[in-house]
Amino acid sequence: MRPGDRAVALAAVVGGFLLGFLDFCWIKWLPYPFAELGNSTATWAVAAFFFGYWVRSGWLRSALGAAVLLVVAVPSYYLAAALLQGDDLAVLWAPSSLVWMVFGVLAGVVFGTGGTWARGEGWRQVVGVALPAAVFFEEAARFAGKATDPDHGAGVWWNVVIDVALGLLIVVLTGGSPRRRALAVAVAVPLAGAILVSFAVAGGTVSSAGASVRQVDALAAGELAVGGDDRVDEVGGHLVGAQHPGRFDSEVLVAVVLS
């Protein structure tokens with residue numbers, strides 16, 4: 001049954017709060033490699049997809065609702081970090097949080113619409129089903145790249161297996177007929193490649209700018225780590241770290257020139 005507008009609005013706000021808060025708890029207390037699912041852009045994107053899938057019809061309602069879902073999840077994540085780990089509440093309204101909210105709007109619109117398309121027919125259904133699989137396949141490809149890095153080790157292959165399995169599971173659950181499932185997987189693979197390239201370009205753009213918003217916030221506050229999986233190391237006169245929620249990892253890696 002198609003949910004009403006009030007139900008969609010309420011679910012977006014409440015669901016967003018739960019997504020952010022529980023995501024932090026997931027990362028903090030679950031063991032590796034399952035904790036990585038919380039520390040993942042794919043997980044948040046797929047949450048937006050399933051929100052749109054639940055809305056069923058009306059791409060605009062799905063897009064707006066999923067965008068609200070992800071936007072609310074950002075301060076909720078940092079609120080959990082403040083309450084459960086003692087992080088600074090100022091991060092809730094820091095510029096870095098606003099950046100993540102902008103990404104949330106973009107991902108919410110794309111994947112929320114994809115969730116509605118997955119309920120439809122024709123090429124839209126194939127693309128809609130392919131989107132969440134593609135984002136998991138893309139993440140699996142990045143993990144596979146790390147597996148050959150001595151700094152990470154062979155255990156990273158578990159993340160590859162988990163991401164590929166989840167991508168295929170979503171196709172099975174939402175793809176309909178075997179033919180449409182096969183088409184969705186076929187479309188998901190080049191989509192994953194496109195996402196991987198886009199993230200690489202975005203990461204290069206941020207790095208070339210000389211500073212990430214997160215590290216500017218941290219330096220201004222006199223702190224270098226804010227919470228969750230955030231970590232900062234000094235390498236060759238630069239601050240290098242990763243941020244969350246929905247860690248960009250190789251997508252939005254940071255480099256701040258100290259000189």
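Predicted model: local features only at pLDDT ≥ 70, side-chain atom pairs only at ≥ 80, totals over all residues.
User: Which residue meets D5 in a salt bridge?

Analyst: A salt bridge is a side-chain nitrogen of Lys or Arg within 4 Å of a carboxyl oxygen of Asp or Glu. Here the N to O distance is 2.8 Å, and the partner of D5 is R61. The pair links distant parts of the chain, 56 residues apart: D5 is in helix 1 (residues 5-29) and R61 in helix 3 (residues 59-85).

User: What counts as a helix here, and which helix holds both R142 and E138?

Analyst: Helices (H or I, at least four residues) and strands (E, at least two) are DSSP runs, numbered from the N terminus. R142 and E138 form a salt bridge, with their closest N and O atoms 2.6 Å apart. They are four residues apart in the helix, so about one helical turn separates them. Their helix spans residues 122-147 and is helix 5.

User: Which residues are joined with R142 into one network?

Analyst: R142 also forms a salt bridge with E139, at 3.8 Å between the closest N and O atoms. R142 counts as buried at 10% relative accessibility, and E139 counts as buried at 3%. Salt bridges with shared partners join R142 into one network with E138 and E139.

User: How big is the nonpolar surface patch that includes L22?

Analyst: Patches are made of residues with over 30% relative accessible area and no salt bridge; like charges are joined within 9 Å, nonpolar side chains (Val, Leu, Ile, Met, Phe, Trp, Tyr) within 5 Å. Areas come from the Shrake-Rupley method with a 1.4 Å probe, and for residues only the protein chains shown count as cover. Helix 1 gives the largest share, six residues. L10, V13, V14, F17, L18, L22 and V68 make the patch, and its area is about 600 Å².

User: What is the phi of R56?

Analyst: Most residues other than glycine have a negative phi. R56 lies in the loop between helix 2 (41-55) and helix 3. R56 is partly exposed, at 34% relative accessible area. Its phi is positive, near 80°.

User: How do helix 5 and helix 6 run relative to each other, parallel or antiparallel?

Analyst: Axes are lines fitted to C-alpha atoms, for helices over the stretch in contact (heavy atoms within 4.5 Å), and angles run from 0 to 180 degrees between N-to-C directions. Angles under 35 degrees count as roughly parallel, over 145 as roughly antiparallel, 65 to 115 as roughly perpendicular and the rest as oblique. The axes of helix 5 and helix 6 (residues 157-174) come within 8 Å and cross at roughly 175°. The two helices are therefore roughly antiparallel.

User: What distance separates the C-alpha atoms of A94 and P75?

Analyst: A94 is in the loop between helix 3 and helix 4 (95-117). A94 and P75 are 19 residues apart along the chain, and their C-alpha atoms are separated by 9.9 Å.

Key. Residues numbered from 1 in each chain as written. Heavy atoms only, no water. Buried < 20%, exposed > 50% of the residue type's maximum accessible area, 1.4 Å probe, protein only.
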